[in-house]
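Visitor: I'm new to this one. Could you walk me through it?

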Amino acid sequence: MEPRNPWQALTRSGYPRGSWPWRSAGYLVSGVVTGLPALLVLLLLVVFSTVLVGLPLLLLAGVALGGVERRRLRIVDRDPAADPHRVPDAPGLAAWLRLRVREQATWRELAYAVLHATVLWPLDLIVSAVALGLPATLIGTPLLLALDGEETKVVKTFLVTSQPQAFAAALVGAVLLVALLYPLAALAGARAALTRALLAPRETELRDRIGEVTASRARLVDAFEAERRRIERDLHDGAQQRLVALTMTLGLARLDAPPGPLADQLGKAHSEAGKVLTELRELIHGIHPQVLADYGLAAALADAADRSAVPVEVDSGTALPRLPAAVESAGYFVVREALANIGKHSGAAKGRITARYEDGTLRVDIHDDGRGGADPARGTGLTGLADRIAVLDGTLTIISPPGGPTVLRVEIPCPPRSASSSPRTASSSAKG
């Protein structure tokens, strides 16, 4: 694997022959190039800040230098340096300034600007001069002696009067250069790590990734619900109407047919068409019941309890508020699946649904007095329910000891839907 920074490059055997020594040197030398102007600008803005004019400019200077330093970081760090600043919610310079003043990243950049202008670039200069300038001077001794003709002083200390001495100094310089490339890279790696810690912390990148995953997950949930509603609408307006027309046609044909085998066959066809229509209506209701869209979760839970094969009591306490559509849909279908499991697998005589909305969390408990022993690994649909709830950052808890009873608990954090987006809230409360 290719090294991503100088510290990783130092562990490779061919480090001196690669590009990382010169990348490290370029990073430190460019630090001098940016540090000296930063010091001059900082001093100038400090003078202006005595009359409160330079304070906003001082913050902006830190932001500008932070952007430059994140780009300069690419010299020795191949991992992208994420911009820690957020995008303003409103356009305009005023909104941008208000956001920047409140951000921690702005003040970290100002602290880095002060540190870079006063400490870091002089350190870069000293290290570059020792690690590069001293060996370069020794290597250039034969040339200096040739230009002088008689003698030259190496680094203002050693007197060299002959070419053998000059070439010996050059050899020492070459060896010293290779040896100093290692501490040079180590310091460059430390400088890069400090720059990343102050100007592009890892938690910023993680926050951005989590935010994107959360947003994409929310988009998938909304798209899934929109598709469910489209299918429900197409079935209701298309296939169901055609089946109604077919049922009526078969009924009229049976009435017009004379008694005999033909009338009997038409009667059977009419009966089968009626059963198919009933099943289709149940399917449409299961995809997205109209009562859920119109009156909310409390009414939909009562409707699900009425349709259950096992007698189920519903306790929603105070009327549930209208919640986000995805939350109401998830809560309803979890209850529907749980009631289906109770009817098929539990052997229960009765059940109970308890729904509450407290502290920004929807909590729904489905209780039955059946035989218990519910196990998600046995294919009862519980794993699918847990996955559906997890998409909304919710949790599904199952308490089902052998012999029962069984409690399935759903918790979904969510804000209530605003009154403007739920015009039928009042009627929902009245019917709940």
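Visitor: What share of the contacts in the protein chain with a separation of 6 or more comes from residues 24 or more positions apart?

Guide: A contact means heavy atoms within 4.5 Å. Here, residues 24 or more positions apart make up 70% of those contacts. Bear in mind that this is a predicted model, where local features need pLDDT of at least 70, side-chain atom pairs count only at pLDDT 80 or more, and totals for chains, interfaces and linings use all residues. Residues are numbered from 1 along each chain as its sequence is written, and side-chain values use heavy atoms, leaving out hydrogens and water.

Visitor: What is the mean pLDDT of the protein chain?

Guide: pLDDT is the predictor's confidence in each residue, from 0 to 100. The chain's mean is 79, with 80% of its residues at 70 or more. Over residues 419-432, though, the pLDDT is below 50.

Visitor: Which residues have the most contacts inside the largest nonpolar core?

Guide: Such a core is a set of buried Ala, Val, Leu, Ile, Met, Phe, Trp, Tyr and Cys residues joined through side-chain atoms within 4.5 Å; buried means under 20% relative accessible area with a 1.4 Å probe, protein chains only. In this 38-residue core, they are Leu339, Val364, Ile366 and Val410. Helix H12 (325-346) is among the contributors, and H12 gives the most, ten residues. Helices here are DSSP runs of H or I, at least four residues, numbered from the N terminus.

Visitor: Which residues of helix H4 are buried?

Guide: In H4 (residues 93-102), Ala95, Leu99 and Arg100 are. Viewed down the helix axis, they fall within an arc of 130° (taking directions from the axis to the C-beta atoms), so they line one face. They pack against helix H5 (104-139).

Key:
Buried means under 20% relative accessible area, exposed over 50%, partly exposed in between (1.4 Å probe, protein chains only). Helices (H or I, at least four residues) and strands (E, at least two) are DSSP runs, numbered from the N terminus.
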